Amino acid sequence: MIQSLAHYGCHVLLPLLIAVVFFKSTWKIAYVTMLAGLLIDIDHLLATPIFDPNRCSIGFHPLHSSFAILFYIFLCFPKKSRLVGLGLVIHIISDMVDCAFM
C-alpha cells in the first residue's frame, strides 16, 4: 500500500509540484507535458507478463534502459525539450523509488 502511494504519488504529485513552483505562469501546460512522461510505460506491453509486481522496470524494459535514461537526462538541458525531459526523468525516479521498496 505505502509502496503504491509513493510510486504513484511521485508520478502524479512530483510533476505538479515542479510545475507550480518553477513554471508558475504556465503550470498547467508544464504539468500536462511532464505527465506525458508516463507514456514510456508503453514498453511494458512487450513484457510477459505485462505486469509483474515483483519486477523492477529499470533496466528491464527498453524505455527504462540506461541508454534511454541518459537520453532523458540530456533532454532536460535544451529549453525546447526541458519539460519532456523532466517528465521522463521524474518517471524514472518514480520507478526507482518503486524498485527500492522491492
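This is a predicted model: local features need pLDDT of at least 70, side-chain atom pairs count only at pLDDT 80 or more; totals for chains, interfaces and linings use all residues.
**Whole chain.** Start with everything shown as a cartoon. The protein chain has four helices and zero strands, and from the N terminus on its elements run α-α-α-α. Taken along the principal axes, the C-alpha atoms fill a box of roughly 40 × 30 × 20 Å. A compact globule of 102 residues would have a radius of gyration near 13 Å, and the 14 Å of the protein chain agrees with that.

Switch to a surface view. Of the 102 residues, 36% count as buried. Next, look at which parts of the sequence meet. Among contacts between residues at least 6 apart in sequence, 51% join residues at least 24 apart.

**Helix 1 and helix 4.** Select residues 2-22 for helix 1 and residues 82-101 for helix 4. How do the two axes lie to each other? They come within 9 Å and cross at roughly 160°. Angles over 145 degrees count as roughly antiparallel, so helix 1 is roughly antiparallel to helix 4. The crossing of helix 1 past helix 4 is right-handed.

**The contact.** Now show side chains. On helix 1, pick Q3, A6, H7, C10, H11, L14, P15 and I18. On helix 4, pick I90, H91, S94, D95, V97, D98 and F101. These residues make the contact between the two helices. Colour them by class: the contact has eight nonpolar, five polar and two charged residues.

Notes: Residues are numbered from 1 along each chain as its sequence is written. Side-chain values use heavy atoms; hydrogens and water are left out. Axes are lines fitted to C-alpha atoms, for helices over the stretch in contact, and angles run from 0 to 180 degrees between N-to-C directions. Angles under 35 degrees count as roughly parallel, over 145 as roughly antiparallel, 65 to 115 as roughly perpendicular and the rest as oblique. A crossing is left-handed if the near helix is turned anticlockwise from the far one by less than a right angle, and right-handed if clockwise. Contact means heavy atoms within 4.5 Å. Ala, Val, Leu, Ile, Met, Phe, Trp, Tyr, Cys and Pro count as nonpolar, Asp, Glu, Lys and Arg as charged, and the others, Gly among them, as polar. The radius of gyration is taken over C-alpha atoms; the globule rule is 2.2 Å times the number of residues to the power 0.38. Buried means under 20% relative accessible area, exposed over 50%, partly exposed in between (1.4 Å probe, protein chains only).
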